[in-house]
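Me: I would like a close look at one part of this structure, the packing of a pair of helices. After that, please carry on to other local details in one connected answer.

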Amino acid sequence: MATSLNLSSIFSSSRLVTTPSSVFPIRQRRRIILVTSSSSGGKPTILVTEKLGQAGIDLLKKYANVDCSYDLSLEELCTKISLCDALIVRSGTKVGRDVFESSRGRLKVVGRAGVGIDNVDLAAATEYGCLVVNAPTANTVAAAEHGIALLTAMARNIAQADASIKAGKWTRNKYVGVSLVGKTLAVLGFGKVGSEVARRARGLGMHVITHDPYAPADRARAIGVELVSFEVAISTADFISLHLPLTAATSKMMNDVTFSMMKKGVRIVNVARGGVIDEEALLRALDSGIVAQAALDVFTVEPPVKDNKLVLHESVTATPHLGASTMEAQEGVAIEVAEAVIGALRGELAATAVNAPMVPLEVLRELKPYVVLAEKLGRLAVQLVTGGSGVNAVKVTYASSRAPDDLDTRLLRAMVIKGLIEPISSVFINLVNSDYIAKQRGVKISEERMVLDGSPENPIEYITVRIANVESRFASALSESGEIKVEGRVKQGIPSLTKVGLFGVDVSLEGSVILCRQVDQPGMIGKVASILGDENVNVSFMSVGRIAPGKQAVMAIGVDEQPSKETLKKIGDIPAIEEFVFLKL
């Protein structure tokens, strides 16, 4: 096994992990680790533990010896794996640390036939030098078609009417539906599936709007879709179709508050992830009439319990996670994962890789705090964006005393992209796929190097992230040129926010941050700290940056936990505070 550093232990706040598949130059040192077959002089061996489409199997057999062994126990899998160069699984096979240990370093690639990789221990894969790839695109059309099927079935009460007539009833008046023509459909999440749903809905004569901060405006216009803010989308829609990944930012996004903002009688379709809906809140919205109907293919717990009230509700149409369940999609997934596994065994880097290349240990140790800083600056910057224009132009500046060929910023750029995109995306951003994912979402990343005089002891003095052509939730974050601008440094090994817009601040990027623009006057720190203290919110750092004494100032407050809405409202109600925003890290 190649000697390497497990990034999951170094970057404890990050999902970035490593695999052996890259060249990473810095200070003239180069290290090349290639994925190759361990078979002595013959074909590699690929173990397939769950049923895979025949087209994928045929493709694998052209390159490797293929062992299709289904329903293996863990002991049987661990016995077989030491003789295999690659493993292909679906969701039913758990690939944990014991599997990688049993492979004794021979296993080079794990392919997941599907999107999710929850059943694969990424940290262990990294430690044992194993690349993990998935098949994220082949299900797109199938999921979109299922979304449209649920949309139309819900509008015309198909499932309820079918059950009624099979029960011997003929109640036509009870199942009068609603027309789709001329109605407004809000597509929340304009990725592959969301955009395909939008195309089909337009063909049904619907007016389609969408909210997605990364959706390129030109792509939306080409389809005939209007980009709007989240608030506009949910408050004006007759139908809402969810196509969001389940992340910390989207968990229970559909809740009592968001339901209360919707048009009474709205209808909701979810073929994405069950956890984006607060199911108890949806029940209340259905019973109150705010939501007229819901069509659900996914649930927070799958399968749902037998007496699940949401499934049994008369206004709910439910299917058992069938979004990807077409013959064509299953074949497509098989081909996609087979191509990714074969490419990895040949030493090629796949865009579907979900863990990143190894880098030298000494480089990781030196860049560790800057990597964390880069990601958190990206997270801060994107949370300051509002409106429906979408993020499409990001500029990253590195200020350093080192020579340009003495500092490779690819890992830092990848982490900025990770911070910008990953909070509301199901993809894992890393050195392998960061530029590909950014380009796919229409986000142009430009970099510049600011050369400083001084000692090159520290690799970087500060990093600045700017987002152009967007509106800001916090006007004070805008630079003189109208861009959202945040800047940070590493101080005594700790990433810190040092500038917001034109205001200098000094707050550790640990926990979360509250930014307040205020009239510069005595007692402001005490007032805000008192409110947070009364609500048992611990303050880790606090600083104030101002233009001039007695003028405007920006106060940055680091907090260990998220304050309640009531607490934030109390801060906003302080007369001297002109605007404020809470940002999660």
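**A helix pair and other local details**

Reply: The crossing of α18 and α19 is right-handed. This is a predicted model. Two packed helices are described by the angle between their axes and the distance between the axes. Helix α18 covers residues 524–534 and helix α19 covers residues 565–572; their axes lie 10 Å apart, at an angle of about 165 degrees. Angles over 145 degrees count as roughly antiparallel, and α18 and α19 are therefore roughly antiparallel to each other. On the α18 side, the residues that meet the partner are V528, I531 and L532, and on the α19 side they are T567, K570 and I571. By class, this contact of α18 with α19 has 4 nonpolar residues, 1 polar and 1 charged.

A second pair can be described in the same terms. Helix α2 (residues 54–61) packs with helix α14 (residues 327–345) at an angle of about 20 degrees, and 7 Å separates the axes. Angles under 35 degrees count as roughly parallel, so α2 and α14 are roughly parallel to each other. The crossing of α2 with α14 is right-handed. From α2, the contact takes in Q54, A55, G56, L59 and L60; from α14, it takes in E331, A334, I335, A338, E339 and I342. The residues of the contact of α2 with α14 divide into 7 nonpolar, 2 polar and 2 charged.

Next, a strand residue. V554 belongs to strand β25, which spans residues 552–559. With a relative accessibility of 0%, V554 counts as buried. Apart from neighbours within four places in sequence, V554 is in contact with F474, S476, F503, V505, C516, R517, S543, V544 and G545. V554 and D520 are 34 residues apart along the chain, and 8.5 Å separates their C-alpha atoms.

The cysteines come next. A disulfide is a covalent bond between the sulfur atoms of two cysteines. The structure holds 0 disulfides. For C78, the closest cysteine sulfur is that of C84, and at 12 Å this is too far for a bond; the cut-off for a disulfide is 2.5 Å between the sulfur atoms. C130 is in no disulfide either, and its nearest cysteine sulfur, also that of C84, is 12 Å away. C78 is buried, with a relative accessible area of 16%, and C130 is buried as well, at 0% relative accessibility.

Some backbone details remain. Most residues other than glycine have a negative phi, and most peptide bonds are trans. R104 is not a glycine, yet has a positive phi of about 55 degrees. R104 sits in the loop between α4 (97–103) and β5 (109–112), and is exposed, with a relative accessible area of 68%. N157, not a glycine, also has a positive phi of about 55 degrees. The place of N157 is in the loop between α6 (140–155) and α7 (158–166). N157 is buried, with a relative accessible area of 10%. Finally, the peptide bond that joins E302 and P303 is cis, with omega about -5 degrees. P303 lies in the loop between β12 (291–296) and α13 (309–312).

Notes
Residues numbered from 1 in each chain as written. Predicted model: local features only at pLDDT ≥ 70, side-chain atom pairs only at ≥ 80, totals over all residues. Heavy atoms only, no water. Axes fitted to C-alpha atoms, helices over the stretch in contact; angles between N-to-C directions. Helix = DSSP H or I, 4+ residues; strand = E, 2+ residues; numbered from the N terminus. Parallel < 35°, antiparallel > 145°, perpendicular 65-115°, else oblique. Left-handed = near helix turned anticlockwise from the far one by under 90°. Contact = heavy atoms within 4.5 Å. Nonpolar A, V, L, I, M, F, W, Y, C, P; charged D, E, K, R; others polar. Buried < 20%, exposed > 50% of the residue type's maximum accessible area, 1.4 Å probe, protein only.
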